[in-house]
Amino acid sequence: MIIVMKVGSPESEITRISEECKNLRLTPEKIVGASKVVIGLVGDTAAYSKEQIQEISPWIERVLRVEKPFKRASLEFRHGEPSAVVVQTPEGPVTFSQQDPVIIIAGPCSVENEEMIIQTALRVKAAGAKFLRGGAYKPRTSPYSFQGHGESALDLLAKAREASGLGIITEVMDTADLNKVAEVADVVQVGARNMQNFSLLKKVGALDKPVLLKRGMSATIDEWLMAAEYILAAGNPNVILCERGIRTFDRKYARNTLDLAVIPVLRSLTHLPITIDPSHGTGKSEYVPTMAMAAIAAGADSLMIEVHPNPAKALSDGPQSLTPERFERLMQELSVVGKAIGRWQQQPTMALA
Ligand code: PEP
Ligand code: MN
């Protein structure tokens, strides 16, 4: 349920209404929008009529019901106001939101060694990326494939953060590693395979760190938003959704089908910001630039792109990784689309060839 307050409602009245709702055993959440304050209510709202809630205060303009199974993640819960996920990085806050410039996240699939991660960090930073990605714990289909260097890779990410000033995004696979990961990560990634690991979702929900929630490879949009709801319900409002391609019947040409239609669909359903990952989405480096351009044109708030100094030698996901040179060129191509839609503010720190 949503309580929409009248413009100019006194703060004391908003507090009083919230207290009354708590007495009704509902959980209120105050959301301050551009023009209005709304109070989102979760709990057994079905036990009360809209009229009963309306009667609490003459300052209430309207009471609405959220019919969707996801409540906090729904667009209605914020009365249509997009949320902004502000991430603290060594060089200041970076905002993921529909109203801000597109944010580029780039880096290797996995952290392989110190030289490669620092070199990649500096290259992607110079090209305009704001975040370095890189896996320390890798979810691999085969137990015989490279599993990531674990804790020592987290140390390398910390070094790369310091050397480059980039924010760090890295995946947590196991609740047991969460504290270690959160110490280094500015954004904690929950991967596609863990999208419905509900105990992990509850734990990242209790964290004071933004979460990048990847879409499960066979997850419906509703399932994905319900997974986001777990994190939001556990108290963490900073969730970024990441589309990374869904399982395809035609694997001959692409690893997954990158579902760019999620951008307009999610816009109609949720206030949460959207990242698109064209690297896992296609599985082939030659398709990544086209889909990255399309994602920005379609209104994505952020892109996550795999970049490796030597893709042919990568320990994971080499075929879908761009070289630093190709990434630099892509950033210039993206700037054309980004500027055309008024969402480009990447400032390369070095002149690009
Ligand atoms: C990754 O980002 O490296 C990764 C494993 O992605 P996904 O969970 O989308 O497969
Ligand atoms: Mn990968």
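I looked up the largest pocket and found about 420 Å³ of space in it. On a 1 Å grid over the protein atoms alone, a pocket is an open set of points where a 1.4 Å probe fits, with protein on both sides within 12 Å along at least five of seven lines; lining residues have an atom within 4 Å of a point. The volume is the space filled by probe spheres set on the points.

This is a predicted model: local features need pLDDT of at least 70 and side-chain atom pairs pLDDT 80 or more, while totals for chains, interfaces and linings use all residues. Residues are numbered from 1 along each chain as its sequence is written, ligands are numbered from 1 in the order written, and side-chain values use heavy atoms, without hydrogens and water.

I noted 27 lining residues, with Pro 139, Arg 193, Arg 244, Arg 255 and His 280 nearest the centre of the pocket.

Metal. I then listed the donors of the manganese ion (ligand 2): Cys 109 (SG), His 280 (NE2), Glu 306 (OE) and Asp 317 (OD), at 2.0 to 2.4 Å. Donors are N, O and S atoms within 2.8 Å of the metal (3.2 Å for Na, K and Ca). Their spacing in sequence is C-x170-H-x25-E-x10-D. Cys 109 sits in the loop between β7 (103-107) and α3, and His 280 in helix α9 (residues 278-282), so the pair ties together parts 171 residues apart in sequence. Helices (H or I, at least four residues) and strands (E, at least two) are DSSP runs.

Helix pair. The axes of α3 (residues 114-127) and α4 (residues 151-164) come within 9 Å and cross at roughly 35°. Axes are lines fitted to C-alpha atoms, with angles from 0 to 180 degrees between N-to-C directions.
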